[in-house]
Amino acid sequence: MADFDLIVIGAGPGGYVAAIRAAQLGLKTACVESREMLGGTCLNVGCIPSKALLHASELYEEAHSGVLAKFGVNFKGVSLDLDQMHAEKAKAVGELTGGIEFLFKKNKVEWLKGQAAFASANSVVVAGKTYTADKIMIATGSSVTPLPGVDVDQKVIVDSTGALALPKVPKHMVVIGGGVIGLELGSVWRRLGAEVTVVEYLDQILPGMDAEVRKESAKIFKKQGFAIRTGTKVTGATVKGGKATLTVEPAAGPSTGSGQTGFEDIEADCVLVSIGRRPNTDGLALDKAGVALNARGQIEVGHDFQTSVPGIYAIGDVTPGPMLAHKAEDEGIAAAEFCAGLTGIVNHDVIPGVVYTMPEIADVGITEEEAKAKGIDIKVGKFPMMANSRAKTNRDTDGFVKVIADAKTDRVLGVHIIASLAGTMIAEAALAMEFGATSEDIAYTCHAHPTHAEALKEAAMAVQGKPIHM
Ligand code: FAD
Ligand code: NAI
């Protein structure tokens, strides 16, 4: 008899959720985690600490910048206590990671502490001891993609983990990569007083998002004070005396015309490398289990989250798809259900994404460009937050809601939102899409007034060309 019905490797949002659900379903379950705390990237060095700093830095900027004076709220002598900000962030992380340890105990999930490596297709070695299981689930997540020539020292050149723990506000921070991490953590340090330059390889920030959203959000970020250098690549970095000098050039290569080389140096006292993340598979000894990787280093799975080796499952960031905590969690639940002989379901067409800047940027489903590339005939409805009464009342009118519906069936295929509450608003769009809603269904659903959510209803009305407040 095996030691366990299921061993889950990794206790991030994918792995810990899978382990709890498997235990709830009666499987004798263990979860291996090498970090000192449970919760993976998300709780320890990702979603949670970044949102804690985003919230705190927003409060600081509001109090410090004088922006609240127009509401009759005046502050004097506002100062930043960065150590206290970090302490409150650590408290939130500690409470949440501790909460998972409690849930493991409550559900009788055994935490095997240490690094797991496969010994065979149904056994793993952890801290020198071999454990067998009927099924093994790989939920090892992802880590920062390194940029050759720009070595992270976590002092001057940092990755997201370093950028969540800077001991002082940099004067000039250069963010390499205008994606989600760069814009969120760039926002934190800009709000706390840093001058922030984003260097993005592509000609627009936020790749993968709807083109109008990318264009509008770049405009908003520039208005907030970000310097954004698109179509630019960093070719090297040197660090001296606590400062970095980055060499940049046009992404297309240096210009040879009119004597311009296109090379340039940028000085910074902090550089954040945020050019993407890559799956964690090193040290797992996957060859001993017979699990292969695809060309992108990910583990491919079937609809039941089983790899090419029967009994070995994989979920979350180590598999293809968006690297998001809620995608990992939902896959964890579904995969655990398959392990227990049930049928688990994840609708990969309806996974929302949120960038937690101010305003927030959120989407679900396909973009206008994707629809066109796939030859889908669409109708588009847009509604500006400027015309939404609650946004107007709150004086947070940046952004819009865009609904993309199938031209023939009216079924909603995608929703894209820039708004202060976009992350909350997108949940309604995801639910509607999950239920196969048409734009008319949303348009005829009564929305409370005055709320930001009314902008989604109006954008849905705009699909038919009949918004009221525009
Ligand atoms: P992970 O959370 O990476 O967990 C994997 C765990 O496995 C790790 O704890 C690791 O130590 C452990 N492990 C790896 N190999 C082994 C081994 N051999 N043996 C034992 N243990 C092992 N996503 C969102 O949806 N919303 C956000 O707001 C958000 N913010 C983010 C902010 C930042 C700065 C970062 C870096 C990421 C953010 N993400 C966010 C992404 C999110 O963190 C990941 O998508 C999510 O954590 C993936 O979950 P996972 O379970 O697949 O892997
Ligand atoms: P990303 O993929 O979002 O963005 C990376 C950016 O770097 C892209 O715009 C890319 O074009 C650019 N880039 C790549 N190479 C470059 C180079 N050499 N020079 C300049 N630019 C370059 O990756 P990021 O921001 O590192 O985040 C990693 C993952 O973490 C994402 O997949 C995201 O899903 C997840 N995450 C999610 C969050 C959320 O849901 N709110 C928050 C933070 C991270």
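Trainee: Where do K402 and D210 sit in the chain, and why care about the pair?

Mentor: K402 lies in strand 21 (residues 400-406) and D210 in the loop between strand 10 (195-199) and helix 7, so the pair ties together parts that are 192 residues apart in sequence. Helices (H or I, at least four residues) and strands (E, at least two) are DSSP runs, numbered from the N terminus.

Trainee: Before I go on, what are the ground rules here?

Mentor: This is a predicted model, so local features need pLDDT of at least 70 and side-chain atom pairs count only at pLDDT 80 or more, while totals for chains, interfaces and linings use all residues. Residues are numbered from 1 along each chain as its sequence is written, chains are lettered from A and ligands numbered from 1 in the order in which they are written, and side-chain values use heavy atoms, with hydrogens and water left out.

Trainee: What are the domains?

Mentor: Domain 1 is 4-144 + 278-339, domain 2 is 157-275 and domain 3 is 353-463. Those bounds come from an automatic or database domain assignment.

Trainee: How much area is buried between domain 2 and domain 3?

Mentor: About 1,500 Å², with carbon and sulfur atoms giving 61% of it. Buried area here is the accessible area (1.4 Å probe) that two parts lose on being put together, summed over both. In domain 2, M209, D210 and E212 lose the most area to domain 3, together 34% of what that side buries.

Trainee: How many residues are in contact there?

Mentor: 18 residues of domain 2 are in contact with 19 of domain 3, where contact means heavy atoms within 4.5 Å. The C-alpha centres of the two domains lie 29 Å apart.

Trainee: And how many residue pairs are in polar contact between domain 2 and domain 3?

Mentor: Eight, with both residues at pLDDT 80 or more. A polar contact is a pair of N or O atoms within 3.5 Å; within protein, one must be able to donate a hydrogen and the other to accept it, and residues adjacent in sequence count only if both atoms are side-chain atoms. On the domain 2 side, helix 6 (180-191) and helix 7 (211-223) each supply at least two of the residues that touch domain 3. The largest share, eight residues, comes from helix 7.

Trainee: Which strands pair in the antiparallel sense?

Mentor: Strand 12 (residues 232-240) and strand 13 (residues 243-250), over eight bridges. T238 stands opposite T245 there. The hairpin has two residues between the strands, and G241 takes a positive phi near 55°.

Trainee: Where are the cis peptide bonds you'd point out?

Mentor: One goes from M358 to P359, with omega near -5°; P359 is in the loop between strand 18 (353-355) and strand 19 (360-365). Another joins H449 and P450, omega about -5°.

Key: Pairing = 2+ DSSP bridges.
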